[in-house]
Amino acid sequence: MPDTNKLTLGKLYKYFIIALTGKDTDFTSGSIRKAIFMLSIPMVLEMLMESIFALVDIAYVSRVSVNAVATIGLTESVITLIYALAIGLSMAATAIVARRVGEKNLQGARESAVQVIILGITVAIITGIFGAIYSKEILSLMGGSSELIREGHGYTQLMIGGNITILLLFLINAIFRGAGDASVAMWILVLSNGLNIILDPIFIFGWGPIPEYGVMGAAIATNIGRGTAVLFQLIILFFGWSKIKIGISDIVIRFKVMTNIIKVSAGGIAQFLIGTSSWIFLMRIMSEFGSEVLAGYTIAIRVIMFSLMPSWGMSNAAATLVGQNLGANKPDRAEESVWKTGKYNAIFMFSISLIYLFFAEDIILSFNSTPQVVEYGTLCLQIIAAGYVFYAYGMVLTQAFNGAGDTNTPTKINFLIFWVLQLPFAYIMAITFKFGAVGVFLAISIAEVLLTIVSYILFKKGKWKEIKV
């Protein structure tokens, strides 16, 4: 049945306030436009807050040195492997919790939430120990110069060693999103990133009794901000300010539930390992062209994330709508939600792409004025932004698969697009045909367009509607 409910200005304002305050809402009935709006607002604001922090962080670090910026680029390309684990588990958390909530089975949702957190803590401890011990070797393997390693290894050590804050922040917010409590996840990130923004200059440049830590100060601020937010997440879970309320009796290992989570998350982890490992190889190729080019690329990617984060917020809304509506046995409503979310996302991304195409140089100059940094940062922004409209639909379709629990389909798509096509194309263009960094930028943009086309074809087949989680 067509969604004929119009969102007037008065209704939009009313729903905006409700969305921010987190009033209990059923997303399996009523207006789809309203459901998208109610979920998207806190999710977009949540992601926007994350992207604002990323820009502020790189702006402060840019005042330290070019090597400091390059250190962040190299470290984050490795941390994306941890993000892959976190995002894979969070996809399973969102899909399973959303399905249980759609089925009105809150006990099952609680059990799944606890097992996800146990898995996250286990992964964080293992990877954290490795990163804390081998930070210098990691930067060296990524092509960092001896001067860069000397200046930046403390940042790498703290970021990877303290990754438990990253993992738990991801996972618990994914639980909130799956339950439809997007506003709770939003306010948690407001707290986390608000603290980061305040603490960043204090620890990077020094203030009062606190010494100047340089780029390592950014890692200290990040861990304090995220760690504080995780404490608040746990308080919310235990004191029941969300649909999901965990009691002491729930904190037990349930092998059947955990096995199901691992099964669903395996595809998600593989999906993002493929995607993020391709970014590591791209960053390794970029390191061949020097710290200035690498710094320009790093700044441009941070700026790109500024616009992609809100877009991912809308995509996350699609994942929750798909999961809950499939749980309520309404697959057609789930599909309609995806197409409408994709349309709204495309409009947003088109607007952002115009800004990047016409004002890329001014944007990069606001972070760094080194000529080569500006030149390559500008090219990166413009080339990648050219494919934004396609990628708007690609993000929504990918999250729709994941929200349905069909993490295997995006995994196969990622393998084909990123490993089989993007990486060889980037190397050939950048190194063999000597296009340099531009070859890498072209590979990124073309890959995202192809990902969207393949995702569209497979989504239309409708097999995702039959997935059981």
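## Surroundings of Ala179

Leaving aside residues up to four places away in sequence, Ala179 touches Val97, Val101, Lys243, Ile244 and Gln324. The model is a predicted one. Ala179 sits in the loop between helix 7 and helix 8 (182-205).

Ala179 has a relative accessible area of 0%, so Ala179 counts as buried, the cut-off being under 20%. Val114 is 65 residues from Ala179 in sequence, and their C-alpha atoms are 14 Å apart in space.

## Two domains

The domain assignment of the protein chain gives domain 1 (32-253) and domain 2 (269-466). Their contact takes 51 residues from domain 1 and 48 residues from domain 2. Between the C-alpha centres of domain 1 and domain 2 the distance is 20 Å.

## The interface

The size of an interface is often given as the accessible area lost when the parts come together. Between domain 1 and domain 2 the buried area is about 4200 Å², and carbon and sulfur atoms give 73% of that area. Zero salt bridges are counted between the two domains. Three residue pairs are found in polar contact across the interface of domain 1 and domain 2, with both residues at pLDDT 80 or more.

## The domain 1 side

On the side of domain 1 that touches domain 2, helix 2 (32-62), helix 3 (66-102) and helix 7 (164-178) each supply at least two residues. Helix 3 gives the most, with 24 residues. By class, this side of domain 1 has 31 nonpolar, 13 polar and seven charged residues.

Methods:
Residues are numbered from 1 along each chain as its sequence is written. This is a predicted model: local features need pLDDT of at least 70, side-chain atom pairs count only at pLDDT 80 or more; totals for chains, interfaces and linings use all residues. Side-chain values use heavy atoms; hydrogens and water are left out. Domain bounds come from an automatic or database domain assignment. Contact means heavy atoms within 4.5 Å. Buried area is the accessible area (1.4 Å probe) that two parts lose on being put together, summed over both. A salt bridge is a side-chain nitrogen of Lys or Arg within 4 Å of a carboxyl oxygen of Asp or Glu. A polar contact is a pair of N or O atoms within 3.5 Å; within protein, one must be able to donate a hydrogen and the other to accept it, and residues adjacent in sequence count only if both atoms are side-chain atoms. Helices (H or I, at least four residues) and strands (E, at least two) are DSSP runs, numbered from the N terminus. Ala, Val, Leu, Ile, Met, Phe, Trp, Tyr, Cys and Pro count as nonpolar, Asp, Glu, Lys and Arg as charged, and the others, Gly among them, as polar. Buried means under 20% relative accessible area, exposed over 50%, partly exposed in between (1.4 Å probe, protein chains only).
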